[in-house]
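Student: I've got this fold open on my screen and I'd like to talk it through. Can we start with how a pair of helices packs?

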Amino acid sequence: MWLLFFLVACSAAVLSCALLCRAAVAAARATPGPAPRPAPETAPDAADARRGPGLTLYEMAYLSGGPHRLADVVLVLMAQQRRLLLADTGWATVVDPVGNDAVERAALTAIGPDGQRRIPAIRDALVGDDAVRQVADRLVTDGLAVPAAVRPGVGGAVRLVQGAALLVLLSAAASYWMAPVGTDTGLLVAWFSLPLILTLGTWAVARFELHPYSDWATTAGERQLPGVGNSPAAPATPASLVTLALRGPAALSDPALRAALHSSGA
């Protein structure tokens with residue numbers, strides 16, 4: 001019986017480590033080098049004025065949590081300016097139907113002509129909107145965001161390796177307790193140490209070489225993200241919006257906004 005557990009543990013360990021190596025190689029090959037941004041032909045949107053060190057507020061949100069995080073940022077931004085009402089039941093209601101930039105206009109379009117819609121539906125609509133795709137494409141071109149072709153990438157593969165390590169431990173424990181009397185338990189544990197060493201070693205290398213694991217930002221993109229405590233945001237950008245962009249809805253200090261986003265599945 002222990003041999004069956006051992007084969008399962010080895011298969012999970014080898015497969016998960018191979019997937020992690022493949023994800024790391026694919027991400028390295030698919031991520032383009034940074035390219036200079038062309039000079040804008042027209043005045044930038046209001047969102048482009050809300051910059052951290054080299055990144056707009058929307059770009060920080062996308063690199064930290066993808067398009068859903070970006071959607072949360074634009075909704076909270078408009079709510080703080082009293083142009084949207086976010087209820088703690090998870091509904092968004094339009095107060096002022098005028099958007100200051102392309103993403104805000106996309107959010108208003110996602111809410112629809114009725115002026116009210118559930119926040120999860122707004123998020124889903126914004127993910128496929130051209131305004132959000134343009135933010136993503138610009139970051140990919142600059143080498144700051146992971147291309148869609150290799151997403152989900154290293155982060156998901158690391159989680160598989162972690163799961164495989166846990167499976168090895170559980171298999172070893174089950175084999176130990178089910179071993180018949182007279183079995184050399186020391187030898188049994190030694191066999192299971194092989195897949196455990198493989199998974200833990202691969203995990204350690206990934207943490208040293210690839211951490212922080214992100215399905216959105218490349219290593220260059222992670223370096224561009226400021227720390228929440230020392231974000232040199234533009235005067236027009238409240239610190240709460242930078243915190244939301246970097247850390248998500250759980251970091252909001254306003255309980256009403258936090259309840260609105262969490263009640264809607266954020």
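Student: At what angle do the axes of helix α3 and helix α6 cross?

Tutor: Keep in mind that this is a predicted model. Helix α3 covers residues 57-80 and helix α6 covers residues 130-141. Their axes come within 11 Å, and they cross at roughly 130 degrees.

Student: Which word describes how α3 and α6 lie to each other?

Tutor: Over 145 degrees would count as roughly antiparallel, and 65 to 115 as roughly perpendicular. The crossing here is at roughly 130 degrees. So α3 and α6 are oblique to each other.

Student: Which residues of α6 make the contact with α3, and how many charged residues does the contact have?

Tutor: On the α3 side you'll find Tyr 58, Glu 59, Tyr 62, Leu 63, Pro 67 and Leu 70. By class, the contact has nine nonpolar residues, no polar ones and two charged ones. The α6 side is made up of Val 132, Val 135, Ala 136, Arg 138 and Leu 139.

Student: How many disulfides does a search of the whole structure find?

Tutor: Take Cys 17, which is buried at 7% relative accessibility. Its closest cysteine sulfur is in Cys 21, 6.8 Å away, and that's too far for a bond. A disulfide needs the two sulfurs within 2.5 Å. Across the whole structure, the search comes back with zero.

Student: Zooming out, how many helices and strands does the protein chain have?

Tutor: From the N terminus on, the order is α-α-α-β-β-α-β-α-α-α-α-α-α-α. That comes to eleven helices and three strands.

Terms used. Residues are numbered from 1 along each chain as its sequence is written. This is a predicted model: local features need pLDDT of at least 70, side-chain atom pairs count only at pLDDT 80 or more; totals for chains, interfaces and linings use all residues. Side-chain values use heavy atoms; hydrogens and water are left out. Axes are lines fitted to C-alpha atoms, for helices over the stretch in contact, and angles run from 0 to 180 degrees between N-to-C directions. Helices (H or I, at least four residues) and strands (E, at least two) are DSSP runs, numbered from the N terminus. Angles under 35 degrees count as roughly parallel, over 145 as roughly antiparallel, 65 to 115 as roughly perpendicular and the rest as oblique. Contact means heavy atoms within 4.5 Å. Ala, Val, Leu, Ile, Met, Phe, Trp, Tyr, Cys and Pro count as nonpolar, Asp, Glu, Lys and Arg as charged, and the others, Gly among them, as polar. Buried means under 20% relative accessible area, exposed over 50%, partly exposed in between (1.4 Å probe, protein chains only).
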